[in-house]
Amino acid sequence: MLRLSAEDGGDEAARTTAATFLGATCLYAVYDPVTRRCSIARAGHPPPVVVSPDGRVAFPEVPAGPPLGLGGMGFETTEIELAENSLLGLYTDGLIEGADRDMERGMARLGELLAHPDGDLDTLCSTAVRHLVPAPRPDDVALLLVRTRALGAADVVSWEVPVDPAAVADARARATRQVEAWGLGDLVMTTELVVSELVTNAIRHAVPPIRLRLLRDARLTCEVCDASSTAPRLRHARSTDEGGRGLFLVAQLAHRWGARYTPGGKIIWAEQEIPAPS
């Protein structure tokens, strides 16, 4: 969740542009449905709220770094384990400040409203906002609620990949067999290409150990992790280049793709939409 901060300018030039940008608060969370671990970092933003399946409310202690754009300091990451069907809420300070401007009391009020997490998320979200913000406010107001899921062993498979170009064919064949076993034959060709490109890039440019992981959920996700922190670079190869099109092809064929960093390196991932049953 990102919240922009601005300040009215004091001169004519600033008034014509309406505001001068100062910074942005941000809270970033990545949830792994296999390990049920959630990694969270924040930059001057209120901490998240977590409601367990039995209704217990907690606000995890995540170190608060400076807002984005206001300093070059690093940000600490906190990792927590979430039970399946936990409720995770991200919000702006405009939601909880209230007329008394007491953030702690506002967080307590938010927790009370979310302490019954069994209902529909849209209804729960709108009810909480309506109670906390009964009238318009000058500050921005946002609330994002998600409910965690966990993937069982039948929906996850992973393999170690040797640092050997010959290993690409084996990784591709393993992925193909697994996708077919999941009944997703329509995704075989695209999965073969995604696996080939991501594994090849890891073998050529990354640091071992290298691991390939497939996840079947609402979408089919292919992940390749390694011990390097070097970010991938999407580029358009020239017509005379013999390579350099791998990530571009992945970006064109996948529903979404990206990279995330871990304490031991990084993960490059690509998602494909699973076709609806005919």
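Analyst: On a 1 Å grid over the protein atoms alone, a cavity is a set of points where a 1.4 Å probe fits but cannot get out, and lining residues have an atom within 4 Å of a point. Grid points are joined across faces, edges and corners, and a volume is the space filled by probe spheres set on the points. This is a predicted model, in which local features need pLDDT of at least 70 and side-chain atom pairs count only at pLDDT 80 or more, while totals for chains, interfaces and linings use all residues. Residues are numbered from 1 along each chain as its sequence is written, and side-chain values use heavy atoms, with hydrogens and water left out.

User: Which strands supply at least two residues of the lining of the largest pocket?

Analyst: A pocket is an open set of points with protein on both sides within 12 Å along at least five of seven lines. The largest pocket holds about 1,000 Å³ of space. The strands are β2 (20-32), β8 (87-91), β9 (143-147), β11 (210-216), β12 (219-226), β13 (256-262) and β14 (265-273); β2 has the largest share, 6 residues. Of the 29 lining residues, V30, Y31, P33, R256 and E271 lie nearest the centre.

User: Which residues of helix α7 are buried?

Analyst: Buried means under 20% relative accessible area, with a 1.4 Å probe and protein chains only. In α7 (residues 246-253) these are G246, L247 and V250. Seen down the helix axis, they fall within an arc of 90°, so they line one face of α7; the arc is that of the directions from the axis to the C-beta atoms. An α-helix has 3.6 residues a turn, so residues three or four places apart point the same way.

User: What is the mean pLDDT of the protein chain?

Analyst: pLDDT is the predictor's confidence in each residue, from 0 to 100. The chain mean is 87, and 86% of residues reach 70 or more.

Terms used: Helices (H or I, at least four residues) and strands (E, at least two) are DSSP runs, numbered from the N terminus. Buried means under 20% relative accessible area, exposed over 50%, partly exposed in between (1.4 Å probe, protein chains only).
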